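Open the model in your viewer and keep the sequence beside it. This tour goes stop by stop: select, look, move on.

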Amino acid sequence: MAALANTTDSTAINAAMDQEFIANFQHDFDRLAEILGIFGTETMTAGTVLKMLKVTGKLNNDKTDASKENGTAATAVTLGSSSGSSYIEGDEVALSKFNAEWVPVDEIKGVPYRKMTTAAAIQKSGYVNAVLKTDQKMLSLARGGIVSDFFTFLKKGTGAATGKGLQAALAMTDAALGDSVEGNGDEAGRIIHFVNRQDAAEYLGNAPITVQNVFGMTYLQNFLGVENVFLTNKVDKGGLYATPVENIHIFGLDFGALSQAGLEYATDANGLIGVAHGPAYDRVSVETNVLTGCTMFPEVMDYIVKGTVSAK
């Protein structure tokens with residue numbers, strides 16, 4: 001007998017579970033992107049090299065040495081500059097040397113995960129309950145992997161600061177970051193801070209602070225005199241990081257080539273995550289296959305400062 005029209009079969013259920021998984025991830029990600037003020041992602045092919053920028057150099061307006069080399073004994077005069085420059089009137093302007101070095105640190109790649117839910121578990125609790133509940137745990141851990149990779153990049157930052165106690169450490173970190181940005185002739189808009197949750201615990205208990213859970217981290221809008229603080233165990237106790245929000249880029253993975261090869265994932269519009277539910281008859285189970293394509297990337301090394309909380 002032919003199947004009745006509009007029957008909800010396993011294919012339809014799998015498709016619905018795919019969309020549920022993606023929607024849950026997208027909801028978490030959209031909240032993070034809203035806080036960061038990042039509303040665009042770049043889709044990249046797997047294998048694209050991720051490079052961090054390191055800028056070095058300083059302005060030079062001292063012609064004394066160059067004049068001596070040319071046999072000129074002219075006296076340097078200051079031309080209305082508060083910097084006390086030693087430019088010699090009418091002489092050649094000195095060269096300022098800057099280096100912008102791109103340092104390869106990793107590649108764009110998808111990170112795969114796979115889970116099986118047994119037939120026994122499905123028969124006991126029902127397909128949606130058995131698969132959905134374990135999917136939620138899987139999604140949480142996959143999201144944590146994305147955040148962990150981000151902190152691997154943050155640790156490559158070149159800035160450092162130390163303060164006695166968390167509040168002073170935050171202030172000194174912001175000062176060091178401001179000096180670095182200003183020294184490169186740039187400016188920072190909003191600064192994002194990442195702090196160990198244990199370091200912040202004693203302050204959280206003594207002040208009326210509103211907290212939000214965002215992408216597995218705790219978000220505080222105003223904390224110890226700074227804005228935009230994320231609490232996470234991805235930061236070692238006694239440490240913190242600060243970087244301008246403009247320094248954070250988000251990349252998604254191009255799932256097109258995988259689809260051409262027969263790996264069909266349901267994905268979001270930006271290639272941040274892909275998921276496929278399907279039967280595994282050889283294990284009498286249902287598989288959940290996840291491929292995370294989201295990469296959070298701080299591009300400029302000099303615009304990342306690691307703070308250290310010293311003893312009070």
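Is Lys237 exposed or buried? Lys237 counts as exposed, at 62% relative accessibility. Here buried means under 20% relative accessible area, exposed over 50%, and partly exposed in between, with a 1.4 Å probe and protein chains only.

Before moving on, note the ground rules. This is a predicted model: local features need pLDDT of at least 70, side-chain atom pairs count only at pLDDT 80 or more, and totals for chains, interfaces and linings use all residues. Residues are numbered from 1 along each chain as its sequence is written, and side-chain values use heavy atoms, with hydrogens and water left out.

**Stop 1: around Lys237**

Stay on Lys237. Its place is the loop between β9 (226-231) and β10 (239-244). Helices (H or I, at least four residues) and strands (E, at least two) are DSSP runs, numbered from the N terminus. Contact means heavy atoms within 4.5 Å. Gln198 is 39 residues from Lys237 in sequence, yet their C-alpha atoms are 6.8 Å apart.

Focus on Asp199. It forms a salt bridge with Lys237, with the closest N and O atoms 3.3 Å apart. A salt bridge is a side-chain nitrogen of Lys or Arg within 4 Å of a carboxyl oxygen of Asp or Glu. Asp199 lies in helix α6 (residues 197-204) and Lys237 in the loop, so the pair ties together parts 38 residues apart in sequence. Asp199 is buried, at 10% relative accessible area.

**Stop 2**

The structure holds 7 salt bridges. Select Lys115 and Asp135, whose side chains meet in one of them (3.0 Å, N to O). Lys115 is in strand β4 (residues 111-118) and Asp135 in helix α4, 20 residues apart. Lys115 is buried at 14%, and Asp135 is buried at 3%.

Next, go to helix α1 (residues 10-36). Glu34 and Arg31 both lie there, 3 residues apart, about one turn of the helix. Their salt bridge has its closest N and O atoms 3.3 Å apart. Glu34 is partly exposed at 47%; Arg31 is partly exposed at 26%.

**Stop 3: an open sheet**

Show β1, β11 and β15. These 3 strands form an open sheet in the order β1-β11-β15, with mixed pairing. Two strands pair if DSSP finds at least two bridges between them. β1 (42-44) and β15 (295-298) stand at the edges with a single partner strand each, so one side of each has no neighbour in the sheet.

Which way do β11 and β15 run? They run antiparallel, and 4 bridges join β11 (residues 248-253) to β15. Pick Ile250: Met296 in β15 stands opposite. Then inspect both faces of β15. Thr295 and Phe297 on one side are buried, as are Met296 and Pro298 on the other.

**Stop 4: the core**

Select Phe25, Phe151, Phe194 and Phe230. They have the most contacts inside the largest nonpolar core, which has 46 residues. Such a core is a set of buried Ala, Val, Leu, Ile, Met, Phe, Trp, Tyr and Cys residues joined through side-chain atoms within 4.5 Å. A second, separate core of 12 residues includes Ala169, Leu170, Leu231 and Leu240.

Finish at Thr218, in strand β8 (residues 217-223). Thr218 is buried at 11%. Its contacts include Phe230 and Leu231.

How values were computed
Lists of a residue's contacts leave out its neighbours within four places in sequence.
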